Amino acid sequence: MAVARYLVDKVPDQVRIAFRHVAQVCKTTGINQVTLIVPQKGSWDRTIVAEFLGQRVAKALLKGQPVQLIDGVSMTLESAQTFRTTTHQGLLIGAHISVKDMNKLDDSWGAQAIVYLPWNDTEGKEWQATWRAEVIGVEREAVPRSSLSMPVEDALRRLTEIINLGTGLGHPSDKKHAERTIGQLRDDGHSFDPVEVRRWAQRNGWSSGAAAALEAIASRRG
């Protein structure tokens, strides 16, 4: 089942818009657990997110205590370093973390929904371009659609069905399948952007690491 993803652009009331939407999603979907992921816990209580939540809530979160976000919904705090993809469920909020750190959230096994508050427009556009996330609030600029042709997507789909997604391209035979697929596409005269290949893979069940490995193969020449 696809995980719902939402992007809140970097605007003056970004944090307020994000938490208002988080509350709505939890109410309509029945999600009762929220994890807030921040760059680091040290001095986090002086950030705009902590300021919005209030001193009492911020202190409790830093102590590792769950707090009530709304009735029936609790929230805990993790840093990008302490977050584990195998142990967190419910709705995940990536607040001002990098796109690289967002990969952890996107790879999370138990995520039911993901909300990203990028620190800058560049990271927001990159994440949205990968996931086609729904933009909450005012969308400043539409993200271009994928440039991959149907034959390229069909070939990537067949590759996805062949390899073991659990290990990505870690097994030599799966890596060979990927190399043959990319090589055949080039031999047949198809062009493609390696970045778009990676984005397609991430949207279609590949882990961020495996998708990056596929992008590296697609970037090779000759």
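## A covered strand

Let's start with strand β2, which spans residues 33-38 and is mostly covered, with five of its six residues buried. Keep in mind as you look around that this is a predicted model.

## The neighbours of β2

Which strand is joined to β2 by six bridges? That is β4, made of residues 73-79, and the two strands run parallel. To find one of these links in the structure, look for T35, whose bridge partner in β4 is T76.

Strand β2 also pairs with β5, residues 89-95. Here four bridges join the two strands, and they too run parallel. A handy place to look is I37, which has G94 as its bridge partner in β5.

## Spaces inside

Now for the cavities. How many of 30 Å³ or more are there? The count comes to two. The second largest cavity holds about 40 Å³ of space.

## Who lines the second largest cavity?

You can trace the lining of the second largest cavity residue by residue: V99, N103, D106, E126, W127, T130, W131, R198 and Q202. Helix α5 provides the largest share of this lining, with four residues.

Key: Residues are numbered from 1 along each chain as its sequence is written. This is a predicted model: local features need pLDDT of at least 70, side-chain atom pairs count only at pLDDT 80 or more; totals for chains, interfaces and linings use all residues. Side-chain values use heavy atoms; hydrogens and water are left out. On a 1 Å grid over the protein atoms alone, a cavity is a set of points where a 1.4 Å probe fits but cannot get out, and a pocket is an open set with protein on both sides within 12 Å along at least five of seven lines; lining residues have an atom within 4 Å of a point. Grid points are joined across faces, edges and corners, and a volume is the space filled by probe spheres set on the points. Buried means under 20% relative accessible area, exposed over 50%, partly exposed in between (1.4 Å probe, protein chains only). Two strands pair if DSSP finds at least two bridges between them.
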